[in-house]
Amino acid sequence: MTQPAATPPPGCPAHAGAAPLYGPRFQTDPAQLYRELRAAHGPVAPVELAGGVPAWLVIGYRELQQVTGQPQLFGRDSSRWHAWATLPADWPLKPMMAPVPSMLYTEGEEHVRRSSAVTDALAGIDPYELRKHSEEIADRLIDGFAGRGEADLVAEYAHLMPLLVLCRVLGLDEERAAELVDAVLTMLDGGAGAQASAQRLLELMLEVVRAKAEHPGGDVASRMLAHPAGLDHDEIMRDLRVLLISGHQPSSYWISNALRLMLTDERFSASLAGGRRSISQALNEVLWEDTPVQIFAGRWAVRDTQLGGQRIAEGDMLLLGFAGANADPSVRQPDGRPAEGNRAHMSYSYGEHGCPFPAQEAAEVIATTAIEVLLDRLPDLRLAVAEHALVWRPSAWVRGLVALPVSFTPGH
């Protein structure tokens, strides 16, 4: 259903002519759109979200560092946004930026309090146990389709493997995995059920918090409850939802985007098969070339300022264009590729709201294990459809396939 257009508030980017971050062209080839935006506008470009909602997309590497590293100019509290009064109540992208009391939108001392509890709880994850859990779950999922000789590696593997690992790590019930995946995808796709799914995720997280308060265990939720920051149940509920979404979506599409490149890019697959690079090195290239979270919402201007040659008005929304910044020619070699081994991509964001290091480590363990176990079990994977038949999710935020059909020699 098409959403009614919102009236651009004074001081917003010019609505007329702004590039839409939705529709078939954006879904199919966002990299080309970013190149065109850079050529036309420079590192900061006027864009619009579904419903004609205006924003600035930051696609310059240096400018993205400025936005994420200067909270005094570009704040995380979305209540600053001057567009709230003009948006339809059922705007489908609202769950991704509505001002709610989670660690995503807190600032200053309150953000330090919330993020310290999360970071410390994540730091308690044993990497050896995480690797063991990841291997067990990967094998279990592959067992479910190995004998068929065909599978959808998105629905049957890349979506489920990270989520099942996260269920163990965070303290969630594995039996709710299918419901959790559906709720997360519906929320991030920004369709008609996005707001209901966002609320359902909160309800599920609150169930977990209450259960762990009575019967704590060796999981993230229990460690957050016991943390000296003194988070209450509602705070932990909201921050658990953040951890679930930010842990599942990047890992899931990191895995499926890597598998797609292995099945469609001869250079990429040959370098792996020939032993010229490790799975970890290959996954690092995926973050540069096809990062799973391509855009993140966002930051809001604290006052009138200048950025990348554009006049940014107080209350304007700035979207963090991770994929665009990773493609910035200023951080690429003359041939357009990132330097081998360079891990300075923007896929984990930057600054005080960047992805905590323990979460980065956990994501890499999960993704690396998923690829290694799959290739060991099914070494002759083949794409079962033409590459042009692959369909991308209709999301402004994540870059991931709807399905990845493959065939292979049936095994055990």
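**Close-up views of a predicted model**

**View 1. The sheet containing Arg382 and Ser407.** Arg382 stands opposite Ser407 in β11. Strand β11 (residues 405-407) and β10 pair in the antiparallel sense over 2 bridges; two strands count as paired if DSSP finds at least two bridges between them. The open sheet comprises 3 strands in the order β5-β11-β10, with antiparallel pairing. Its edge strands, β5 (150-152) and β10 (382-383), each pair on one side only. Helices (H or I, at least four residues) and strands (E, at least two) are DSSP runs, numbered from the N terminus. Residues are numbered from 1 along each chain as its sequence is written, and side-chain values use heavy atoms, with hydrogens and water left out. In this predicted model, local features need pLDDT of at least 70 and side-chain atom pairs count only at pLDDT 80 or more, whereas totals for chains, interfaces and linings use all residues.

**View 2. Strand β9 and its partners.** Strand β9 (residues 317-320) is covered on both faces: Met317 and Leu319 on one side and Leu318 and Leu320 on the other are all buried (under 20% relative accessible area; exposed is over 50%, partly exposed in between; 1.4 Å probe, protein chains only). Strand β3 (residues 53-58) pairs with β9 in the parallel sense over 3 bridges, and Trp56 has Leu318 as its bridge partner in β9. Strand β6 (residues 296-301) runs antiparallel to β9, joined to it by 4 bridges; here the bridge partner of Phe296 is Leu320.

**View 3. Aromatic pairs.** The structure holds 5 aromatic pairs (ring centres of Phe, Tyr or Trp, the latter by its six-membered ring, within 6.5 Å; planes under 30 degrees apart are stacked, over 60 edge-to-face, the rest tilted). Trp81 and Trp91 form a tilted pair, 5.9 Å centre to centre with 50° between the planes. Both Trp81 and Trp91 are buried. Phe296 and Phe322 form a stacked pair at 6.4 Å centre to centre, with 20° between the planes. Phe296 lies in strand β6 and Phe322 in helix α14 (residues 322-326), 26 residues apart. Phe296 is partly exposed at 22% relative accessible area, while Phe322 is buried at 4%.

**View 4. Asn257 in helix α11.** Helix α11 (residues 233-264) has 26 of its 32 residues buried, and Asn257 is located in this helix. Asn257 has a relative accessible area of 0%. Beyond residues up to four places away in sequence, Asn257 touches Val286, Asp290, Thr291, Pro292, Trp392, Arg399 and Gly400 (heavy atoms within 4.5 Å).
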